Amino acid sequence: PDPEAALRDPPTPLRGYQVMEVAIADGSPAAGQPLRTITWPPGTTPVSVLHHRRLRDPHPDLTLATGDRIILLTPQPHGQPVTPAPGPPQPKRLPAGQN
């Protein structure tokens, strides 16, 4: 009902989960391997891959390369508070009479 409130306080879309990024470093055993061969922690799902500077779907047959970045949706570790995503930057307001 209040769109401005939604901008100030965005909802947490998947309570108990967090988004993480994993970079394939030089010399990583994952480099040269298909995405499907990587073992992720339980409950973790790849959601996208930045492959050769292009954002791609996490296709299981995509061969990973040094410098690739994998975006993961993973369960929030127990005991850590769920942090909502930051809202959009708010414009700075000047006191009345100042432009």
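Helices (H or I, at least four residues) and strands (E, at least two) are DSSP runs, numbered from the N terminus.

## Model and confidence

This is a predicted model: local features need pLDDT of at least 70, side-chain atom pairs count only at pLDDT 80 or more, and totals for chains, interfaces and linings use all residues. Residues are numbered from 1 along each chain as its sequence is written, and side-chain values use heavy atoms, with hydrogens and water left out.

pLDDT is the predictor's confidence in each residue, from 0 to 100. The chain averages 81, and 69% of the residues score at least 70. Among the elements, helix α1 (residues 3-8) has the lowest mean pLDDT, 69. Strand β2 has the highest, 95. Where pLDDT is low, the predicted coordinates should not be read in detail.

## The sheet

Four strands make an open sheet, in the order β1-β4-β2-β3, with antiparallel pairing. β1 and β3 (54-56) are the edge strands, each pairing on one side only. From one strand to the next, the twist averages 20 degrees. The angles behind such values run from 0 to 180 degrees between N-to-C directions, and the axes are lines fitted to C-alpha atoms, for helices over the stretch in contact.

Two strands pair if DSSP finds at least two bridges between them. β1 and β4 are joined by seven bridges. In this pairing, Q18 stands opposite T74 of β4. Five bridges link β2 and β4, and P46 has L72 in β4 as its bridge partner. Three bridges join β2 to β3. There, H51 has R54 in β3 as its partner.

Strand β4 (residues 69-75) has two faces. I70, L72 and T74 lie on the covered one. R69, I71, L73 and P75 lie on the uncovered one.

## The β2-β3 loop

H52 and R53 both sit in the loop between β2 and β3. Neither is a glycine, yet each has a positive phi. For H52 the value is near 50 degrees. For R53 it is about 65 degrees.

Accessibility is sorted by relative area: buried means under 20%, exposed over 50%, partly exposed in between (1.4 Å probe, protein chains only). H52 counts as exposed, at 56%. R53 is exposed too, at 81%.

S48 lies in strand β2. S48 is buried, with a relative accessible area of 14%. Contact means heavy atoms within 4.5 Å. Leaving aside neighbours within four places in sequence, S48 is in contact with L55, R56, P58, R69, I70 and I71.

T44 is found in the loop between β1 (17-23) and β2 (45-51). T44 is buried as well, at 11%. Not counting residues up to four places away in sequence, T44 touches L72, L73, T74 and P75. T44 and Q18 are 26 residues apart in sequence, and their C-alpha atoms are 9.7 Å apart in space.

## The nonpolar core

A nonpolar core is a set of buried Ala, Val, Leu, Ile, Met, Phe, Trp, Tyr and Cys residues joined through side-chain atoms within 4.5 Å. The largest has eight residues: I24, A30, L35, V49, L62, L64, I70 and L72. In soluble globular proteins, nonpolar side chains tend to be buried together.

Which residues does I24 contact, leaving aside its neighbours within four places in sequence? They are A30, A31, L64, A65, T66, G67, D68 and I70.

## Salt bridges

A salt bridge is a side-chain nitrogen of Lys or Arg within 4 Å of a carboxyl oxygen of Asp or Glu. The whole structure holds two. Side chains of opposite charge can pair when their charged atoms come close.

E21 pairs with R69, their closest N and O atoms being 3.1 Å apart. E21 lies in strand β1 and R69 in strand β4, so the pair ties together parts that are 48 residues apart in sequence. Both residues count as partly exposed, E21 at 47% and R69 at 34%.

R36 forms a salt bridge with D61, with 2.9 Å between the closest N and O atoms. R36 is in the loop between β1 and β2, and D61 is in the loop between β3 and β4, so this pair ties together parts that are 25 residues apart in sequence. R36 is exposed at 54%, whereas D61 is partly exposed at 47%.
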